Amino acid sequence: MNVGTATLCLAALAVCCVACRRDMGHQAYHRPLDKSSFFPDGMSARRLPAHTVARGQLQEDELFYTGHIDGKAVDLFPMPVTREMIERGQQRFDIYCAVCHGRTGQGNGMVVRRGFPAPPSYDLDRLRAAPAGHFVEVITNGYGLMYSYASRVEPADRWAIAAYIRVLQISRTAALKDAPPDERAKLQQEVAP
């Protein structure tokens, strides 16, 4: 081995030895809410700076995320209401809402039958007149004894549930003559036996 190669290997070994310190491999860290002497307040957890938004949480579309436009609940859906959306709304309603509201929206769910105070029926005039944005707001923020479902139900599913609530409301007053002719014939055959 020549002198140049030996010098280069010795220099590389010296750099590695200097860079490899125990505190680099075992860095100090703190669990949330641990005490720390580093900050003047003695806490390791830091508050977020003002006006910061977590990644993916910007929520620029006021209608989609709140059911409001300019702070007022509206009867306008931010996406087309399709059969698939209503079926998704029924599925989500049955999972999250039916335990209190009942599968037909009458306020007679299983929890109510076991003693919990009954929520209002969706047939009330005030809820029939309420805009769809009202239901999205209630699902998001809660109302009365109902707690917020914002962490459980995604915004698109909140709108699907609101669409299904409208279907429940309309179905209570629908007449056979309101059905399309081909559907009317099927309904009459089902009722006949």
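Which residues line the second largest pocket? Select Val167, Ile170, Ser171, Ala174, Ala175, Leu176, Asp178, Ala179, Pro180, Glu183 and Leu187, and you have that lining on screen. A pocket here is an open set of points on a 1 Å grid over the protein atoms alone, where a 1.4 Å probe fits, with protein on both sides within 12 Å along at least five of seven lines; lining residues have an atom within 4 Å of a point.

Before moving on, some housekeeping. This is a predicted model, where local features need pLDDT of at least 70 and side-chain atom pairs count only at pLDDT 80 or more, while totals for chains, interfaces and linings use all residues. Residues are numbered from 1 along each chain as its sequence is written, and side-chain values use heavy atoms, with hydrogens and water left out.

Back to that pocket: its volume is about 330 Å³, counted as the space filled by probe spheres set on the grid points. Color H8 and helix H9 (181-191), which each supply at least two lining residues; helices are DSSP runs of H or I with at least four residues, and strands are E runs of at least two, numbered from the N terminus. The largest share, three residues, comes from H8.

Next, show the largest pocket, with about 550 Å³ of space. Of its 25 lining residues, zoom in on His101, Pro119, Pro120, Tyr143 and Met146, which lie nearest the centre. H4, helix H6 (125-129), helix H7 (132-141) and H8 each give at least two residues to this lining.

Now pick out H7 by itself. Eight of its 10 residues are buried, so H7 is largely enclosed by the rest of the structure; buried means under 20% relative accessible area with a 1.4 Å probe, protein chains only. Among the buried ones are Phe135, Val136 and Ile139. Show their surroundings too: the buried residues of H7 pack against helix H3 (62-66), strand S2 (72-73), H6 and H8.

Last stop: helix H4 (residues 83-101) against helix H8 (residues 155-173), with axes 7 Å apart and an angle of about 95°. The two are therefore roughly perpendicular, a label for angles of 65 to 115 degrees. For the contact (heavy atoms within 4.5 Å), select residues including Met85, Phe93 and Cys97 of H4 and Trp159, Tyr164 and Leu168 of H8.

Key:
Axes are lines fitted to C-alpha atoms, for helices over the stretch in contact, and angles run from 0 to 180 degrees between N-to-C directions. Angles under 35 degrees count as roughly parallel, over 145 as roughly antiparallel, 65 to 115 as roughly perpendicular and the rest as oblique. Buried means under 20% relative accessible area, exposed over 50%, partly exposed in between (1.4 Å probe, protein chains only).
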